[in-house]
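I opened the file to look up surface, sheet and core. My entries follow the display.

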Amino acid sequence: MVTLKDVGELAGVTATTASAALRGKDYVKPETMQRVKDAARKLGYKTNLSGRSLRSGRSDTITFLTSGIEGDYFSNLAMCVAEEVHERGSHMLIELSRYLSDDNDLSYSFSDGIIAINAPRAVDILRHHPAVLLENYDTNLQIDTVNAPSDAGSRVAVRHLIERGCKRIGIVGDNRDPSRAIIPGSRDMRMRAAADEIAKAGLKFDVKKDFIKCAWSIDGGIEAGRAIAKGRTKYDGLYCLNDGIAIGVLRGLADGGVHVPDDVLVIGFDGLSQGAYTVPTLTTVATDFKGMANSALTLLMRRIEHPDEEFFPQTVSVGYKLIERESTSR
């Protein structure tokens with residue numbers, strides 16, 4: 001059986017350094033790490049995860065907890081977290097919060113920490129484990145948080161429409177009423193920021209009429225687009241609270257004989273890849289998903305690696321980039 005000592009001897013390092021290199025520790029020089037990996041590959045060395053866990057008290061496994069992975073937003077974010085976890089020498093489990101029960105927490109006891117998004121049922125669990133929340137706007141939760149740029153990005157989206165001459169802007173989004181939300185979520189933050197930016201520009205915005213409510217999906221956007229095309233109010237700019245809705249709105253407007261961008265400009269939020277292939281292609285405010293994953297892992301690892309230290313809860317908002325395409329091109 002090939003051991004770490006064998007790998008270290010072939011690579012010219014100690015077994016301890018070989019172990020650190022195979023776990024991707026950043027204090028190991030890149031050339032040393034590569035030499036160790038080459039030696040392990042040559043010898044056919046396989047990491048004994050059970051043995052490592054018993055020795056270190058850690059499993060080198062992170063749980064990604066979400067209500068579901070349907071849709072490109074969640075799958076894209078999950079992939080970015082998985083890549084970041086892998087680069088740090090760990091493994092990722094995906095757990096769906098919809099299946100949580102009081103006696104079903106095996107994955108958490110096995111994992112070193114949790115990264116959670118859209119999992120309100122898991123708050124009590126997160127308080128008792130090293131954890132980071134994504135897209136959390138409840139300031140009463142004393143848990144490290146990494147958020148998308150919902151406020152700043154929405155303001156940029158609206159200003160982009162105004163700079164291109166839009167005078168009557170509609171906001172298309174969730175079928176709830178974000179203005180009445182007690183604890184806001186990302187969609188609430190986006191709607192409020194966009195409405196505020198419209199008002200700051202001195203433009204008319206009636207939340208009861210100009211906030212076009214629809215399901216949080218492409219199908220919801222299609223229905224909204226068709227309704228806008230048939231409606232009495234004529235918008236020259238539409239800000240959709242996510243790209244899926246925006247893609248649906250483009251389809252729905254086309255079905256109703258409304259041309260984008262000739263008749264109305266449309267912009268989305270998130271930066272999903274599908275927007276580059278719509279007709280017309282979709283202008284969007286892209287979220288730094290890799291930055292979210294990196295920030296979340298950095299915050300999580302400091303708690304995992306220093307369990308006896310007390311840290312103040314941190315809140316990080318990642319960056320964004322306006323990607324201008326045909327749907328706002330005039």
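What does the accessible surface of the chain come to, and what share belongs to carbon and sulfur atoms? I read about 16800 Å², of which 51% belongs to carbon and sulfur atoms (Shrake-Rupley method, 1.4 Å probe; for residues, only the protein chains shown count as cover).

Ground rules. I am working on a predicted model, where local features need pLDDT of at least 70, side-chain atom pairs count only at pLDDT 80 or more, and totals for chains, interfaces and linings use all residues. Residues are numbered from 1 along each chain as its sequence is written, and side-chain values use heavy atoms, with hydrogens and water left out.

Chain totals. I noted 13 helices and 12 strands (DSSP runs numbered from the N terminus: helices H or I of at least four residues, strands E of at least two). Of the 330 residues, 50% count as buried (under 20% relative accessible area, with exposed over 50% and partly exposed in between; 1.4 Å probe, protein chains only). Among contacts (heavy atoms within 4.5 Å) with a separation of 6 or more, 70% join residues 24 or more positions apart.

Sheet. I traced an open sheet of six strands with mixed pairing, in the order β7-β6-β8-β9-β10-β12 (strands pair if DSSP finds at least two bridges between them). β7 (211–213) and β12 are the edge strands, each pairing on one side only. I read an average twist of 20 degrees from one strand to the next (axes are lines fitted to C-alpha atoms; angles run from 0 to 180 degrees between N-to-C directions).

Strand β10. I then checked residues 283–287, and five of the five are buried. Thr 283, Val 285 and Thr 287 point one way, Thr 284 and Ala 286 the other. In a regular strand the side chains alternate between the two faces of the sheet. β10 pairs with β9 (265–270) in the parallel sense over four bridges, where Ala 286 is the partner of Asp 270. With β12 (320–323) the sense is antiparallel, again over four bridges, and Thr 284 is partnered by Ile 323.

Cores. The largest nonpolar core has 26 residues (buried Ala, Val, Leu, Ile, Met, Phe, Trp, Tyr and Cys joined through side-chain atoms within 4.5 Å). α13 (289–305) is among the elements that give two or more residues to this core, and its share, nine residues, is the largest. I listed the contacts of Leu 134, which include Phe 64, Leu 77, Ile 115, Val 146 and Met 292. Apart from this core lies another of 20 residues, among them Cys 214 and Leu 282.

How values were computed:
Lists of a residue's contacts leave out its neighbours within four places in sequence.
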